[in-house]
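Here's a quick tour for anyone meeting this protein for the first time. Have a look at the sequence and the 3D view before reading on.

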Amino acid sequence: PTHTSTRNMDAVLATCSSTLSGTTNLENGEYTASLTQLGLIHEQRLLEKDRELANLQQEIKHNHKEIQGLKTDILKMDSNNKEMMLIVGEFEKTIGQLIQEKERDAVVMEIE
């Protein structure tokens, strides 16, 4: 649609331009009609651009929401990972204590 509008606008511009230079025999009414058509085509192009802009703004809002959601997910995962690392640390500590106790028990058994 935009290409057609641009071609139409170019044709109307050419008509208006040639009318101004006196190379066309358009009557005043036809010239006014050409200018009106040019104005309508221009308005159509503005509306198309407004529609495109609105769509892009909507897409930006959607992407922003998605980004915020992903950032929230990352923060939750980081928190979960830190908690898990604390738990793993506690398990390692407990396992180390169990190994020490087993070694002590083995030494006590040898002594007896």
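## Ground rules

This is a predicted model, where local features need pLDDT of at least 70 and side-chain atom pairs count only at pLDDT 80 or more, while totals for chains, interfaces and linings use all residues. Numbering starts from 1 along each chain as its sequence is written, and side-chain values use heavy atoms, with hydrogens and water left out.

## The overall picture

You'll find 2 helices and 0 strands here (DSSP runs numbered from the N terminus: H or I of at least four residues for helices, E of at least two for strands). Of the 112 residues, 10% are buried, meaning under 20% relative accessible area; exposed is over 50%, and partly exposed is in between (1.4 Å probe, protein chains only).

The accessible surface is about 9,700 Å², and carbon and sulfur atoms hold 59% of that. These areas come from the Shrake-Rupley method with a 1.4 Å probe, and for residues only the protein chains shown count as cover.

M84 sits in helix α2, residues 28-111, and is partly exposed at 48% relative accessible area.

## One salt bridge

Searching the whole structure turns up 1 salt bridge (a side-chain nitrogen of Lys or Arg within 4 Å of a carboxyl oxygen of Asp or Glu). It pairs the side chains of E52 and K49, 3.9 Å from N to O. E52 and K49 are about one helical turn apart because they are 3 residues apart in helix α2. E52 is partly exposed, at 39% relative accessible area.
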